[in-house]
Amino acid sequence: MLYISTMIICLVASLFLSKTKVLGFLALMVLAYFAGAANPLTTIDYPVYLNHYNLLGSEVSPFEKGYTQLSLLFFNHGFDYASFRICFAFLACLILFLGVSLFIKNIALFASIYGLTVFFNDATQIRNLMMISLVILGAGLLTKKKRSIKLLGILILWFSTQFHDLGFIFLLSFVILYFMSMALLHRLYKYIVFTLFGLGFIFSVAGNSSVVKVLASFLSRFSSRSDSAANVINSFGRGTSTRIIVFMWIALIIYSLVLMVLLNAASSLDINKDKLKILFIGSSVSMTVAFLIVLAPDYSRISRNAFLFLLILLCMVIEHKKFLVISFKNAPKIVLILALLISTTYVNTSIWGSVYYDSIPYLAKIKK
């Protein structure tokens, strides 16, 4: 009941209030509790994390250095894995709150939609939760005027890679694209999207071994995870079923349409241009999955992470304008956004199989 009541309260409050930082903070702390206090018997990935935590000091950790060192700190101070996990989840959600607060004031709206869509993926893949929280915080700091704060933002973006290698995609995207004008980014976007879908189609037919080797070579040089290259070859190059690829492509097409609708709406509003650019870049990262999904379904998490930037953009537009007021004129936009939320949730739930989606009621503590 705590999960359901939290989501309802946040949704209702966000309809009437534009500033919900306190309520949003409390909601994110509730989500942190669900992620941290997960049941080890009903949560996939939990046994793996638990096993490697208990082996700290007696094995070479298979995880990134940031996660490993933080684990060691708690382990050496006598914390068991359950205690470490809940502290880790609360820290990640606190960072997420700080990052989202750099963009919007209606945190309750963000927390409710996040909680109802892809949160349980991050509650399961908890290193990813920390990574995307750091990415959002780092990206938010890039919107500040002071050069020292921007450099801190880049440092935090790099630090995110110490918890999950996928942070590299956001780090490189922001460092490379941030200095381009918004007009140029708009022009490049459509060409890049068509190229990625084209490459995805080609490699879905011709095979993907060469791409896997390139990714493995990059990670062997830069990743803080000792087995990243081997992991890419063995686990992230096994291919994906045609059904999953098609579903993901449909979801990405809807995603791209919503992104364009939100950008058009934002262009006429008094929104900080740097914030808009950062959210556009962060959201656009999702399109890389049009190609990478061919290699393995695991890459779907890139789109899931980028979805949080699109969600922040949606909340920002709603803050500045009654964008979703029910009317005949707004009906197509509302339908498109609902289609995005449903398709994103469906793909990121079904792609991990029945063991994952059967665990969701237990993560939400609806079932015990």
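Me: Before we start, which pLDDT do local features need here?
Reply: Residues are numbered from 1 along each chain as its sequence is written, and side-chain values use heavy atoms, with hydrogens and water left out. This is a predicted model in which side-chain atom pairs count only at pLDDT 80 or more, totals for chains, interfaces and linings use all residues, and local features need pLDDT of at least 70.

Me: How many salt bridges does a search of the whole structure find?
Reply: A salt bridge here is a side-chain nitrogen of Lys or Arg within 4 Å of a carboxyl oxygen of Asp or Glu. With that cut-off, the search of the whole structure gives a count of four.

Me: Glu64 and Arg127 meet in a salt bridge, so how many residues apart are they?
Reply: Their side chains meet at 3.0 Å, N to O. Glu64 sits in the loop between α3 (46-54) and α4 (65-76), while Arg127 belongs to helix α8 (residues 126-141). Helices are DSSP runs of H or I with at least four residues, strands are runs of E with at least two, and both are numbered from the N terminus. The pair links distant parts of the chain, and the separation is 63 residues.

Me: Is Glu64 buried or exposed?
Reply: Buried means under 20% relative accessible area, exposed means over 50%, and partly exposed lies in between (1.4 Å probe, protein chains only). Glu64 has a relative accessibility of 0%, so the word for Glu64 is buried.

Me: Which residue forms a salt bridge with Arg304?
Reply: The closest N and O atoms of this pair are 3.0 Å apart. Arg304 lies in helix α17 (residues 300-320) and its partner in helix α7 (residues 119-124), so the bridge ties together parts that are 182 residues apart in sequence. Arg304 is buried at 1%. The partner, buried at 2%, is Asp122.

Me: Which residue has its backbone oxygen 2.8 Å from a polar atom of the side chain of Ser300?
Reply: Ser300 is in helix α17 and is buried, with a relative accessible area of 0%. A polar contact is a pair of N or O atoms within 3.5 Å; within protein, one must be able to donate a hydrogen and the other to accept it, and residues adjacent in sequence count only if both atoms are side-chain atoms. The backbone oxygen at 2.8 Å belongs to Pro297.

Me: How far apart are the closest N and O atoms of Asp298 and Arg301?
Reply: Both Asp298 and Arg301 are buried. They form a salt bridge, and the distance between the closest N and O atoms is 4.0 Å.

Me: Where does Asp45 lie, and what is its phi?
Reply: Asp45 is in the loop between α2 (21-36) and α3. At 30% relative accessibility, Asp45 counts as partly exposed. Its phi is positive, in a residue other than glycine, and is near 80°.

Me: What is the phi of Lys365?
Reply: Lys365 lies in the segment after α19. With 26% relative accessibility, Lys365 counts as partly exposed. Although Lys365 is not a glycine, its phi is positive, at about 60°.
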